[in-house]
Amino acid sequence: MKTRPMTTSHSSTFLNPRSSADSAARADRELNAAIVSADISASYEEFLAIVDQFYADDVELRSDSSPEPLIGRDRLKSRLFGFLVPLHVMAEIGGLSVSVSERPIAGDSLDEQHSQWSLELMGVTGRAVRVSWSVRRRWRQSRVVGEYHYDHQQDGGPLGISDLRIPTFNGIEEVE
């Protein structure tokens with residue numbers, strides 16, 4: 001009688017937690033690279049497309065500064081839209097310089113990815129404000145299912161209208 005040898009290896013990501021963690025780490029790196037390389041002065045739509053590509057329909061977002069979670073990709077896109085459109089206009093028309101950077105943070109859980117983010121806004125006057133925060137993401141397959149923002153910090157005061165290049169109605173651009 002011929003018998004089949006039993007195997008102990010599993011190629012399924014579902015069965016192998018290390019493979020699942022590797023997949024989450026790879027997807028997180030891809031998401032972070034997409035965010036950093038997107039250009040807000042050219043378009044805000046690219047950021048909304050990133051949400052469609054990487055976030056689950058039922059994603060849950062939390063923050064240490066807000067007690068209520070934001071649930072759902074559509075709600076996330078709506079919140080981002082309200083932030084990104086003015087930022088896009090100030091960058092495209094007002095000359096605001098926008099720079100985003102990210103660096104990974106070592107985590108202690110296989111199913112979570114951590115990163116430190118920084119957003120710097122610099123006006124045409126040279127005045128700048130930098131906002132930084134950390135993010136912890138939980139992944140399921142290639143989609144973010146949970147995201148938590150924490151450790152928010154701000155360096156520099158808010159920028160004003162004088163920090164932008166605003167076209168006037170007579171066609172001459174002025175900086176106050």
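The following legends describe close-up views of a predicted model.

Residues are numbered from 1 along each chain as its sequence is written. Local features need pLDDT of at least 70, side-chain atom pairs count only at pLDDT 80 or more, and totals for chains, interfaces and linings use all residues, while side-chain values use heavy atoms, without hydrogens and water.

View A. In the order 2-1-6-5-4-3, 6 strands form an open sheet with mixed pairing. Strands (E, at least two residues) and helices (H or I, at least four) are DSSP runs numbered from the N terminus, and two strands pair if DSSP finds at least two bridges between them. Strand 2 (66-71) and strand 3 (97-105) each have a single partner strand, so one side of each lacks a neighbour in the sheet.

**View B. Strands 1 and 6.** Strand 1 (residues 55-63) pairs with strand 6 (residues 143-155) in the parallel sense over 5 bridges. E60 stands opposite G146 in strand 6.

**View C. The pair Y44 and F81.** The ring centres are 5.5 Å apart and the planes stand at 80°, so Y44 and F81 form an edge-to-face pair. Rings of Phe, Tyr and Trp (its six-membered ring) pair with centres within 6.5 Å; planes under 30 degrees apart count as stacked, over 60 as edge-to-face and the rest as tilted. Y44 is buried at 18% relative accessibility, whereas F81 is partly exposed at 40% (buried, under 20% relative accessible area; exposed, over 50%; partly exposed, in between; 1.4 Å probe, protein chains only).

**View D. The pair Y148 and Y150.** With ring centres 5.7 Å apart and planes at 15°, Y148 and Y150 are stacked.
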